[in-house]
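Colleague: I have a model open and want to go through it with you. Can you take my questions one at a time?

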Amino acid sequence: MSTGGDMVEKHSGLSAVKSASRVLDVLELLAQHQQGLTFPELVELLGFPKSSLHALLWTLHDRGWVALDEDTRRYRTGVRAWEAGQGFVHGVDLVRVADRHLRNARAELDETVQLAILDGTDVVYVAKVEANHPFQLVSRVGMRLPAYATGLGKVLLAALPPAELEARFEAFNFERFTDRTLTSFADLVDRLAQIRKDGFGEDDGEYTEGIFCVAAPVRDHTGAVVAALSCSAPRPRLDAREVDPQRIRELVRAHGHALSTDLGWSGATSGTNPRIPSTRR
């Protein structure tokens, strides 16, 4: 039988659309071969007619679910599959697992600690633990901010493939919020390169004057960056040395790593695994 032009197979009394099953077969196979597969290899492993497979690959490539290396002619999993995987991790489990780490970081630093994910060119706050100081950072769960102007956002942008980063910021208008705000894609690329080298990102008054923020990546079991964890403090407290910026950096990286471990990351892609330092100043 057919439905909307698609052949339908029967599985345990349920109907499965044949073309949909084939799409999933392609994606599942590519997920198992991170180095990618050529078209002949895909034909051999899947057993699909060449014309059908070519049409499937063209559609998946056009929608970003499959990427094609023009030099090697190998197909691999595309960025949309990665984003869909993020959507799974970004649910309740991420916030639930992160809660202990956010509270521990806040207890050690007594500054506001936040967790955020990336959506397009925005960073979205998904969890926050307030400091006990009268001066509070103006943010809330569900709030969106431009990623290029925040420590959290830049850490998340630094994890994107270069082509995906460029596509997201094509014809983008970089608004200036303070004198420190990045105002060009070239400047952003330079800053992201430094973040990848350092393993953390900072926002020193780039979105809100007088707020210093340190952020670190949070990885899932595959090593993909699925969120970022940050600590924010008012500049006057840092300038008065009530808060040590280096200690913030160490603790944020350590708690980001600890949360990543709880999400199943082995730390294999990291040169060193930061330890949570002593709470003594």
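Predicted model: local features only at pLDDT ≥ 70, side-chain atom pairs only at ≥ 80, totals over all residues.

Modeller: Residues are numbered from 1 along each chain as its sequence is written, and side-chain values use heavy atoms, with hydrogens and water left out.

Colleague: How many helices and strands does the protein have?

Modeller: Helices (H or I, at least four residues) and strands (E, at least two) are DSSP runs, numbered from the N terminus. On that basis, the count is 10 helices and 12 strands.

Colleague: Which residues of helix 3 are buried?

Modeller: Buried means under 20% relative accessible area, exposed over 50%, and partly exposed in between (1.4 Å probe, protein chains only). An α-helix has 3.6 residues a turn, so residues three or four places apart point the same way. The buried residues of helix 3 are Leu53, Leu56, Leu57 and Leu60.

Colleague: Why are they on the same side of helix 3?

Modeller: The arc is taken from the directions from the helix axis to the C-beta atoms. Leu53, Leu56, Leu57 and Leu60 are the buried residues. They share a side of helix 3 because they cover an arc of only 95°.

Colleague: Which exposed residues does the face turned away from the buried side of helix 3 carry?

Modeller: The buried side has cover that includes helix 1, helix 2, strand 5 and strand 6. The face turned away carries Ser51, His54, Trp58 and Asp62.

Colleague: What is the relative accessible area of Ala116?

Modeller: Ala116 lies in strand 7. Its contacts (heavy atoms within 4.5 Å) include Val124, Leu152 and Ala227, leaving aside residues up to four places away in sequence. Ala116 is buried, at 0%.

Colleague: Where do Arg144 and Asp122 lie?

Modeller: Their side chains meet in a salt bridge at 3.3 Å, N to O. A salt bridge is a side-chain nitrogen of Lys or Arg within 4 Å of a carboxyl oxygen of Asp or Glu. The two residues are 22 apart: Arg144 in strand 9, Asp122 in strand 8.

Colleague: Is Asp204 buried or exposed?

Modeller: Asp204 forms a salt bridge with Arg180, with the closest N and O atoms 3.9 Å apart. Arg180 is partly exposed at 47% relative accessibility. Asp204 has a relative accessible area of 19%, so it is buried.

Colleague: Which residue forms a salt bridge with Glu202?

Modeller: Glu202 is partly exposed, at 22%. The closest N and O atoms are 2.3 Å apart, and the partner is Arg249.
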